[in-house]
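I opened my notebook today to look through a new model. I jotted things down in the order I looked them up.

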Amino acid sequence: MKFGKRLKQQVQETLPDWRDKFLSYKELKKLVRLISSAPPFSYGSVEYGKAEAEFVRLLNSEIDKFNTFFMEQEEDFIIRHEELKQRIQKVIDTWGPSGSQPSEAEYKEQMRKIRKNIVNFHGEMVLLENYSNINYTGLAKILKKYDKRTGGLLRLPFIQKVLEQPFFITDLVSKLVKQCEYMIDTVFPIEEEERAKEGREAITVAGEGIFRNTIAALMTMQEIRRGSSTYSHFSLPPLNLPDSDLIQSFQLNFPISIV
């Protein structure tokens, strides 16, 4: 599948409030086509410099958009993560076996609600990682297209700049994802049969919601990172997903058109 169609599909698969935050790939591609089809001018000329400057201006505007959105989400995730930990501790202190008002029924009910919130929170963070991946990929592709069609040499220096941008650096979000996974496994241990049942129920209840979108994002990240027949310093590293069995099961039972 061509990248433009994949990006459009990802925009449709993500959360509604995020849909205008992705790369304006179609508009950038139109500009590349316009520049490359204009009367020829030599590399390094004044005309070429003006055309390239406009292209770079639009790219920088897109990067500013990515960074603003990504950092806002990252800050929100940090706050929500701390709030979830505080909620867990409050439930333990109030309704747990040694709490001020011990109640097994209330404890289980409150923990069930928190676990659902954590799963949804985890899903949103995976979507943000995918947001970073797909926008970086789009920038790399449009820059490659620009260099190829205009004879320019913009891709390498611009990508080196992109690699230092906040939206590309997902270490903190990845750390929070792992902490959520650890929290679910340690604070909410459940039997495998019950886990599988809960997963099926989540799929049924979520429909087009966060669970489905998260699986779609994971599948897209896998596809992007292994999709190229050649590897270069522009490529994203392979993605290692511990839940690949879940993805395969979801594909078999609830097909999603992603690739």
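Below are my entries, from the whole chain down to single residues.

**Entry 1: the whole chain**

I reminded myself at the outset that this is a predicted model. I then looked up the secondary structure and found nine helices and zero strands. Reading along the sequence, I wrote the pattern down as α-α-α-α-α-α-α-α-α. Next I checked burial: of the 259 residues in the chain, 42% are buried. I also wanted to know how far apart in sequence the contacting residues lie. Taking contacts between residues at least 6 apart in sequence, I noted that 77% join residues at least 24 apart.

**Entry 2: H1 against H4**

For a helix pair, I look up two things, since two packed helices are described by the angle between their axes and the distance between the axes. I picked helix H1, residues 3-13, and H4. Their axes come within 11 Å and cross at roughly 155 degrees. Are H1 and H4 roughly parallel or roughly antiparallel to each other? Angles over 145 degrees count as roughly antiparallel, so I put H1 and H4 down as roughly antiparallel. I noted the crossing of H1 and H4 as left-handed.

Which residues make the contact? From H1, I listed Phe-3, Arg-6, Leu-7 and Gln-10. From H4, I listed Asn-130, Ile-134, Thr-137, Gly-138 and Lys-141. Sorting the contact of H1 with H4 by class, I got three nonpolar, four polar and two charged residues.

**Entry 3: Glu-129**

I stayed with H4, which spans residues 104-150, and looked up Glu-129 in this helix. Is Glu-129 buried or exposed? Its relative accessibility is 13%, and the cut-off for buried is under 20%, so Glu-129 counts as buried. I then looked for a partner of its side chain and found Ser-174: a polar contact of 2.5 Å joins the side chains of Glu-129 and Ser-174.

**Entry 4: Leu-31**

My last stop was Leu-31, which I found in helix H2, residues 25-37. Leu-31 has a relative accessible area of 14%, so I marked this residue as buried too. What does Leu-31 touch, leaving aside its neighbours within four places in sequence? I wrote down Glu-54, Phe-55 and Leu-58. For Leu-58, I also looked up the separation from Leu-31: the two are 27 residues apart in sequence, and 9.6 Å apart in space from C-alpha to C-alpha.

Conventions: Residues numbered from 1 in each chain as written. Predicted model: local features only at pLDDT ≥ 70, side-chain atom pairs only at ≥ 80, totals over all residues. Heavy atoms only, no water. Helix = DSSP H or I, 4+ residues; strand = E, 2+ residues; numbered from the N terminus. Buried < 20%, exposed > 50% of the residue type's maximum accessible area, 1.4 Å probe, protein only. Polar contact = N/O pair within 3.5 Å; in protein donor to acceptor, adjacent residues only side chain to side chain. Axes fitted to C-alpha atoms, helices over the stretch in contact; angles between N-to-C directions. Parallel < 35°, antiparallel > 145°, perpendicular 65-115°, else oblique. Left-handed = near helix turned anticlockwise from the far one by under 90°. Contact = heavy atoms within 4.5 Å. Nonpolar A, V, L, I, M, F, W, Y, C, P; charged D, E, K, R; others polar.
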